[in-house]
Structure formats: structure tokens, C-alpha cells
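The tour goes stop by stop.

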Amino acid sequence: MEKSCSLLIYFDKGTPAIANEIKEALEGNDDYAKIEAMKKAIMLLLNGETLPQLFITIVRYVLPSEDHTVQKLLLLYLEIIEKTDAKGKVMPEMILICQNLRNNLQHPNEYIRGVTLRFLCRLNEAEIIEPLIPSVLQNLEHRHPFIRRNAILAVMSIYKLPQGEQLLVDAPEMIEKVLSTEQDPSAKRNAFLMLFTCAQDRAINYLLTHVDRVPEWGELLQMVVLELIRKVCRTNRGEKGKYIKIIISLLNAPSTAVIYECAGTLVSLSSAPTAIRAAANTYCQLLLSQSDNNVKLIVLDRLNELKSSHREIMVDMIMDVLRALSSPNLDIRRKTLDIVLELITPRNINEVVLTLKKEVVKTQSGELEKNGEYRQMLIQAIHSCAIKFPEVASTVVHLLMDFLGDSNVASAIDVVVFVREIIETNPKLRVSIITRLLDTFYQIRAARVCSCALWIIGEYCLSLSEVESGIATIKQCLGDLPFFSVSEEGEASDSSKKVQQVNATTVSSRRPAVLADGTYATQSAASETAFSPPTLVQGSLSSGNLRSLLLTGDFFLGAVVACTLTKLVLRLEEVQPSKAEVNKASSQALLIMVSMLQLGQSSVLPHPIDNDSYDRIVLCIRLLCNTGDDIRKIWLQSCRQSYVKMLADKQLRETEEIKAKAQISYAQPDDLIDFYHLKSRKGMSQLELEDEVQDDLKRATGEFIKDGDDANKLNRILQLTGFSDPVYAEAYVTVHHYDIVLDVTVINRTKETLQNLCLELATMGDLKLVDRPQNYTLAPESSKQIKANIKVSSTETGVIFGNIVYETSNVHERMVVVLNDIHIDIMDYISPAVCTDVAFRTMWAEFEWENKVAVNTVLQNEKEFLEHIIKSTNMKCLTASSALDGDCGFLAANLYAKSVFGEDALVNISIEKQADGKLSGYIRIRSKTQGIALSLGDKITLKQKGGS
């Protein structure tokens with residue numbers, strides 16, 4: 001079994017020191033050589049060597065040394081050597097050390113005394129400590145604070161030993177006396193800590209008698225006071241009131257660490273509005289006064305927790321939180337915006353939007369490389385504000401439309417999507433938005449933004465002047481027709497090699513693309529920045545954005561242009577009385593479409609037009625040549641109606657989510673309810689009253705009962721040994737973020753006493769045992785609760801295995817009972833989360849780990865299978881329920897979840913119903929780390945059969 005170790009030193013095993021060399025160096029007179037030799041000896045001991053022959057050499061040659069470094073290393077050596085034999089008795093040669101330690105404790109040099117007292121804190125052998133106690137106690141009254149503070153710590157650790165109370169009977173009384181006279185802040189803190197851990201009542205008594213002085217105490221002591229308050233209030237809730245006053249008085253302390261702890265303690269102990277407001281104010285001060293980004297992120301996390309439990313108080317702090325946007329760090333800005341967006345109310349919306357607008361304007365002037373990304377975040381924030389409160393849209397929409405031509409394509413797409421939603425939801429703004437869009441259309445450079453803007457022009461240009469300027473704008477952006485001259489085509493077909501060279505700027509790549517439903521399609525994509533050289537095609541970037549994009553081979557955009565022109569011409573027929581004008585516009589539109597088809601089929605571009613775009617343009621040509629009323633209705637009304645339906649569906653989903661969040665459990669029948677007006681109020685301050693009321697309210701709404709879900713507790717108990725084993729063991733497993741706590745109950749089923757019983761555990765996966773196992777003695781038929789702590793470092797299925805080892809009085813060898821394995825379930829770390837379609841696809845493309853699981857299930861309904869997978873993987877379905885409606889025998893859906901370690905888990909399910917009624921297909925899992933992809937795959941393979 002491993003020894004306990006309080007030292008950790010890196011050791012390079014490449015050059016092991018030889019024991020003889022160390023011995024020689026220690027026997028010499030050179031202090032420097034002794035220091036090096038002692039260091040080597042300590043490193044060897046820490047790495048499992050025993051070096052028994054060195055002990056006597058060290059006693060003879062190192063003990064008498066006057067060098068401070070040698071003495072310090074000697075104490076480290078004594079700390080790590082084995083001081084007991086196999087039976088647990090102290091070795092006789094340790095008596096030699098005792099004399100030396102006693103001399104050190106009375107040494108004239110303060111440093112030697114101090115480090116020796118510190119060394120005693122790590123000694124567990126009562127036989128060595130006992131003769132030293134008088135010397136330790138003398139040091140409590142030494143004139144030097146360094147010695148006093150270490151003497152107090154030594155007294156505390158001796159008192160905490162199993163036989164400590166016999167060794168130092170009146171330790172708490174002595175320390176209390178020391179505390180009343182002590183002036184040194186550090187020694188005072190140690191004394192109070194000793195009372196807090198060993199004699200809590202005395203510590204409380206001291207605190208309450210000096211309650212007025214607490215704000216003047218040192219930072220270290222104040223931290224221990226807060227720790228004590230937390231401990232007392234957890235065990236005795238009735239006493240909270242007077243302690244909360246102490247915390248409030250500490251909120252004005254000069255130390256930021258103390259203020260932060262105060263705020264955290266207040267929130268954990270009280271729900272009184274005054275207390276929560278004080279804590280929130282404190283966090284906002286820290287957010288602005290601290291320059292460290294990590295501190296800001298931690299404080300934002302605390303504010304986020306407050307937001308979920310005390311939203312109404314946080315709403316008043318919204319402008320203070322927004323000031324954190326002044327930090328240049330993107331993570332801080334993102335967190336700030338996330339918090340603020342959930343605190344928006346009709347009262348503060350105007351202020352918030354004004355601040356966000358100012359920030360957007362700032363991103364134009366600055367030269368920071370992350371400005372584009374920050375602007376995108378701000379645009380998304382403004383978008384959600386305008387959807388919640390349509391009245392602010394008019395103030396922001398025109399400012400944001402300046403960014404349609406933004407070089408950051410993602411933020412330009414966000415702007416155009418925002419404009420599309422606002423123009424539908426705010427009919428009053430339609431005219432001004434259309435006018436502005438037609439004025440700025442020429443600035444748009446990205447094909448996706450152009451497509452969306454063209455759709456808006458096609459749907460929302462309603463009056464005669466708007467339709468005419470819409471057609472004119474598109475013509476202007478396409479430039480002069482044709483797109484290429486016939487002579488050039490002839491040249492191009494003659495020298496195809498030359499074309500390849502000249503066209504080197506047109507970058508084309510074939511790569512698998514991810515469609516909206518998560519399935520793959522191969523696309524031939526021309527990059528948005530590349531364009532064909534003007535030697536071959538008339539017009540360059542200067543002649544119009546649509547033209548230059550078409551000349552890069554983007555025929556999807558060509559199809560969108562054709563559809564928009566068709567809609568505009570159809571609408572012109574309705575609003576233009578002059579037939580000649582309509583025919584003129586119609587023929588111009590047809591000319592443009594035919595020119596695009598010509599360009600697509602010529603050899604000027606390296607890639608011909610794709611079939612979908614070709615069919616779409618041809619359809620538009622046929623439609624303009626021959627229009628029926630039904631077709632007109634589809635083109636002019638149905639598109640808009642389906643968009644309105646999509647918006648309504650999105651709104652419905654959001655309101656359902658809010659409703660689901662708002663459901664809270666209420667009190668059980670027969671629960672006791674106190675009536676606040678009938679309470680006795682003698683001697684209670686306003687704050688104490690508030691706190692009492694909030695507690696009663698929590699009791700009435702069942703908030704205190706939430707944790708005690710007993711049926712759920714029983715599900716988590718695992719049997720580790722059989723009923724017929726001499727030792728029965730079962731474990732209750734609690735998983736809390738980075739920690740797993742095993743509560744193991746061990747029962748002695750025999751009629752004999754079991755000695756040196758030890759629970760030995762080992763782990764597989766990213767799990768680490770924290771504690772060293774201890775030995776226990778179990779009386780016949782008695783039981784023992786053993787706790788084991790395990791740290792987790794990533795989302796991966798881990799296994800804990802082990803055995804119970806014990807001795808009985810009549811058998812000399814140790815007996816072993818092997819335990820069942822405990823499997824740590826990945827589901828404990830994963831929680832459903834939401835992300836946008838764009839973010840999902842970006843992550844899907846970036847993540848390098850993919851696990852592909854073939855569907856193998858007895859379920860025959862696609863929806864049922866999807867529900868089953870969502871339930872068993874604890875993920876959230878991102879695909880809208882409306883998209884999954886209907887019965888077509890095929891289903892594709894995206895699922896998303898986040899782990900407590902911040903890892904993303906992406907799942908795509910694509911299934912199809914076969915002729916025989918069975919489901920087939922694949923479930924793809926992607927993540928950044930291998931562990932989560934493999935563990936989720938195993939989980940799905942295990943659970944997908946269905947039924948169970």
C-alpha cells in the first residue's frame with residue numbers, strides 16, 4: 001500500500017544517484033556538497049528507494065550541522081522516511097531524532113525553531129511527539145511572531161491526532177488565551193483556525209464577543225471567520241440572522257478576496273432581497289475594478305447563477321453588468337451579452353439597445369483583429385432584443401444595414417437575416433428598409449448575403465416606384481449584357497490550356513458539404529473572393545457585385561436573381577397600368593436570364609452551370625412567357641406565407657421553452673406553513689425578518705424538498721459484494737461536476753473482529769483517487785461508512801474496481817474480497833444544450849473525432865426511435881419538430897449536448913424505413929475529444945435496441 005506523502009518534487013530518473021556517493025558527500029565537511037547529497041537522497045526516497053544505510057550517517061554527520069539549508073533538508077528527510085516497523089511500532093533509532101528535535105525547539109535561531117515546529121505539523125507518531133510537547137508549548141509565548149504562528153499550527157495538528165486529546169488536554173483553553181492577547185495577524189488567524197477546527201463553540205463565542213471589531217481584523221482572519229459562519233449556518237439555520245449582519249459589515253473590507261467570499265456566502269445562506277442586492281452590487285464592483293480576465297469570467301459566472309435564482313434583483317443591475325463590455329476579451333463580452341439578454345424588460349430595453357449601438361459603432365473605428373467577431377455578437381444581441389421588443393427595431397435597423405457589405409461574411413449574414421425578420425414583423429418599417437436596401441445593395445460582396453437580400457427585394461417591393469427601382473438596381477449590379485463576347489468564346493475553346501492558366505484565380509474545390517439536415521452532399525464551390533480576370537470577360541469587380549459573383553461561377557445566385565426578377569415583373573403587371581412598360585421590363589428580364597444560361601453553357605468558365613440552377617432559370621423564362629393565375633398566386637403569396645409560418649413556429653418553440661423552465665414544484669399536502677404576520681418579531685432587524693420570510697416562502701413552494709428525492713437515491717446504490725461474503729459492501733455514488741463521491745457501507749457479517757480492514761480502490765479512464773485508504777477495525781456484525789473521493793478530468797466512461805482486505809485474529813494471512821466494478825456513466829456529465837444551425841455546422845466541420853454507429857433496433861417508427869435516442873443520450877434535438885412532421889419513411893435530425901467540462905457533443909441521426917418495416921441508417925457522433933465520441937457511441941450501441 002502507498003505511503004502518505006506531503007512532498008512532490010520532479011525527479012529525472014535518467015541519472016540515478018548511487019547511495020555510496022551520497023554517503024561520502026554527507027561524511028565530508030563541505031556544506032554545499034552535503035546540500036546536494038541530501039537533495040539526491042530525498043528524491044530517491046520519494047521515488048520508492050529505501051536507503052536504510054544512510055540513516056546512521058545522517059545522524060552522525062548531518063544532525064550537528066549549523067547550516068540552515070542542511071537543517072531544513074534534514075527535516076524534509078525525516079518527514080518522508082519510514083518511522084515505524086511492519087507492526088506499526090516506532091523504530092528504536094527514532095529516539096536519536098527526538099533529542100535533536102528538542103534541541104531545535106530551544107535553538108537560539110528563530111528560523112530553526114520555526115521550521116521544526118512546521119515539521120511537527122506533519123508528524124503522526126505520538127511516541128515521537130510526546131516528549132516534545134513542553135518545548136512546543138514554551139514556543140507559544142516566544143517574542144517572535146514567526147515562531148508563535150508555527151507553534152499554534154503544531155498544537156493544532158497534535159490535538160487532531162487520534163490520541164491528541166490525551167497528549168494536550170487543555171489545548172483549546174490555551175489557544176483561546178493566546179488569541180485574546182495575540183497582535184500578529186497571521187498568528188491570530190492560526191489561533192482562530194485552531195479553535196474553529198477543534199473547539200467550534202469557543203470560536204463562535206470569541207467571534208460574537210468581538211463582533212464590532214471584525215471589520216478591523218486582518219484579511220486572513222476574516223476569511224476563516226467566513227468559513228466558520230458558513231459551517232455554523234449550515235448546521236443551525238435558526239442562527240442565520242446575526243451572522244448575516246457580520247457578513248454585510250465585511251462587504252466594505254479593503255481586501256477584494258474577502259469581499260468576493262462575503263458575496264458568495266451571502267448568496268448561499270440567505271434569499272433576503274437586501275442580502276442578494278448587496279451581493280450583486282459587490283460582484284458588479286469586482287467586475288469593473290479587477291483587471292484580471294480570469295477573475296472577470298469567474299465573477300460573471302456568479303452573476304449568471306444569481307440571474308437564474310433572483311432575476312428581479314439582477315434586472316436592476318443590468319447597466320452595471322453591461323459595463324464589462326469595455327474589456328477587449330471576447331469570452332468576457334460573450335458571457336456579458338448572454339447574461340444581459342435574459343434580463344431585458346420593457347423598462348430597460350432602450351438603455352440596453354443604445355449601449356449596444358454605441359458598441360457597434362466603436363467596432364468600425366478600432367483596429368482590433370477580433371472586431372468582426374465582436375460585431376457579429378452585438379448584431380445577434382440586437383436581433384434578439386428587436387424580436388422581443390419590436391418597438392426598438394426602428395432605432396437599430398438602419399444602423400445595422402450599413403454592415404451589409406461587411407468584410408466579415410458571418411456578421412453580414414446575421415444583419416441580412418435580422419433585416420428579413422424585421423421587415424416581416426414590423427410592417428411600418430417596410431418602406432424605409434426597402435429604400436435603404438436598394439440604395440446599399442451594390443456594396444454587398446458575399447453571395448449568401450446577396451441571395452437573402454434579393455429574396456427581400458422580390459417579396460417586399462410592393463409599390464410601383466419600389467418595383468421599378470428594384471429591377472433597375474438588379475440590372476445595374478449585373479452590368480452590361482452579354483457577360484462575354486462570342487469571339488472570346490471561340491478563342492477560349494481553341495486554347496483551353498491558356499484558359500486554365502488565366503483562370504488560375506478562380507479557385508474551385510470539390511468537398512463534401514453538410515446540408516441543413518446534417519447529411520452530406522458534394523458541391524462544386526467557387527470561392528467567394530476569386531473572380532475571373534477581365535481579359536476574358538467584360539466587367540470586373542467595379543462593374544457590379546452580382547456580375548463579379550456570377551463570373552466566379554456562382555449559378556445558384558444566378559437562379560436567385562432570375563426568381564427575384566420574375567417576382568418583380570409579375571408584381572409590375574399588377575401595379576403598372578401601362579402594358580408597354582410591363583412588356584419592356586419582362587423582355588429585359590428574359591434577356592438577363594438567357595444571358596446567364598449562355599454564360600453557364602459556354603466554355604469561358606471552368607465549370608458549366610449545375611442542373612438545379614439551369615432548371616430554375618428555365619422555369620422562370622417559361623413563367624414570364626406564359627403566366628396563369630394559380631402560378632401567380634404561388635409566386636407572389638405562398639413564399640411569404642411559408643416564411644411567416646416559419647417565424648410563427650420559431651416563436652412557438654421559444655415560448656414553450658420558457659414555459660417549461662417556469663414550471664416549479666409546489667409544497668406537499670400537510671406541510672407546515674408559517675404565517676409571517678403572526679410571527680414574533682422581538683429583537684429582529686429588518687434583514688433578519690426578510691430572511692425569515694424568504695425561508696418560509698421557500699418552504700411553502702417546496703424548494704427545500706427538491707434535493708431529497710429518495711427513490712432516485714435508491715437507484716444509485718450499487719452492491720459491491722455478495723450477501724454470503726464475510727464482508728458485505730454497497731456504495732452510494734454521487735457525481736458532482738469534477739468530483740465523484742463514493743459512500744461505501746461495509747458490514748462485518750462474521751462473529752469475529754476484523755482488523756486492519758482496508759478498502760483498496762483503483763481506477764481506469766480519466767479518474768484519479770484523491771484519498772489514501774485507511775485501516776479500520778470492525779467489531780462482529782458492526783458496520784462502517786467509508787468515503788472515497790475521486791476526481792474526474794474529462795467526459796469519458798470510467799471504471800472503478802477494487803477489493804476489501806482484512807485480517808482476523810486466528811488467521812495470519814490477509815483475506816481479500818473482490819468487489820464488483822463500478823461504471824461511471826457518461827450521462828452524469830452531459831446536459832442538453834442549444835446552438836444555432838450555423839454554429840452546429842461550423843463545429844461539425846472542425847471536430848476531428850467521428851464515431852459512426854449503424855442503426856440496429858427493434859423499433860419500427862422513425863420518430864419513436866429518435867425520441868428513444870434523445871432520452872437515452874440526454875441530448876437536445878436541434879431540428880424543429882415541424883421539420884420532422886409527416887411520414888415519408890426517412891428522417892434526419894441533429895442533436896446537441898454540452899458536458900460539464902465545456903466539451904461539445906454533436907450527433908446526426910439519418911434513418912430510413914426499409915420495405916420490410918425495419919429501420920436502417922447511421923448515427924454519427926462528432927466531438928473535439930476522443931473520449932466523448934467513443935463513450936457516447938458505446939452508450940447508443942447499448943441503448944438503441946429500444947423497448948428496454
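Where is Asn 874 found? Select Asn 874 and look in the loop between α39 (862-873) and β15 (876-877). The model is predicted, so read each stop as a feature of that prediction. Asn 874 has a positive phi of about 60 degrees, although it is not a glycine. Most residues other than glycine have a negative phi.

Now select Asn 756. Here phi is near 45 degrees, again a positive value in a residue other than glycine. The setting is a strand: Asn 756 lies in β6, residues 754-764. At 30% relative accessibility, Asn 756 counts as partly exposed.

**Zoom out**

Show the whole protein. Colour by secondary structure and you have 40 helices and 18 strands. The protein has 948 residues, and buried ones make up 46% of them. Draw the accessible surface: the total is about 48,400 Å², with 52% belonging to carbon and sulfur atoms.

**The α1 and α2 pair**

Select residues 19-27 for α1 and 31-46 for α2. Their axes come within 8 Å and cross at roughly 145 degrees. The crossing of α1 past α2 is left-handed. Show side chains. From α1, Ile 22, Ala 25 and Leu 26 meet a set in α2: Ala 33, Lys 34, Ala 37, Met 38, Lys 40, Ala 41 and Leu 44. By class, this contact has eight nonpolar, no polar and two charged residues.

Stay here and pick Asn 29, in the loop between α1 and α2. Is Asn 29 buried or exposed? Asn 29 is exposed, because its relative accessible area of 76% is over the 50% cut-off. Asn 29 and Tyr 61 are 32 residues apart in sequence and 8.8 Å apart in space, C-alpha to C-alpha.

**A loop histidine**

Jump to His 310. This residue sits in the loop between α18 (293-309) and α19 (311-315). At 12% relative accessibility, His 310 counts as buried. Leave aside neighbours within four places in sequence, and His 310 is in contact with Ser 271 and Ile 276.

**The α32 and α34 pair**

Select 555-575 for α32 and 611-625 for α34. How do their axes cross? The axes come within 8 Å and cross at roughly 15 degrees. That makes α32 roughly parallel to α34. The crossing is left-handed. On the α32 side, show Phe 555, Phe 556, Gly 558, Ala 559, Ala 562, Cys 563, Thr 566, Val 569 and Leu 570. On the α34 side, show Ser 613, Arg 616, Ile 617, Cys 620, Leu 623 and Leu 624. By class, the contact has 11 nonpolar, three polar and one charged residues.

**Last stop**

Finish on Glu 459, in helix α27 (residues 447-460). Glu 459 is buried, with a relative accessible area of 0%. Which residues is Glu 459 in contact with, leaving aside its neighbours within four places in sequence? Select Lys 567, Arg 571, Trp 635, Leu 636, Cys 639 and Arg 640.

Terms used
Residues are numbered from 1 along each chain as its sequence is written. This is a predicted model: local features need pLDDT of at least 70, side-chain atom pairs count only at pLDDT 80 or more; totals for chains, interfaces and linings use all residues. Side-chain values use heavy atoms; hydrogens and water are left out. Axes are lines fitted to C-alpha atoms, for helices over the stretch in contact, and angles run from 0 to 180 degrees between N-to-C directions. Helices (H or I, at least four residues) and strands (E, at least two) are DSSP runs, numbered from the N terminus. Angles under 35 degrees count as roughly parallel, over 145 as roughly antiparallel, 65 to 115 as roughly perpendicular and the rest as oblique. A crossing is left-handed if the near helix is turned anticlockwise from the far one by less than a right angle, and right-handed if clockwise. Contact means heavy atoms within 4.5 Å. Ala, Val, Leu, Ile, Met, Phe, Trp, Tyr, Cys and Pro count as nonpolar, Asp, Glu, Lys and Arg as charged, and the others, Gly among them, as polar. Buried means under 20% relative accessible area, exposed over 50%, partly exposed in between (1.4 Å probe, protein chains only). Accessible areas come from the Shrake-Rupley method with a 1.4 Å probe; for residues, only the protein chains shown count as cover.
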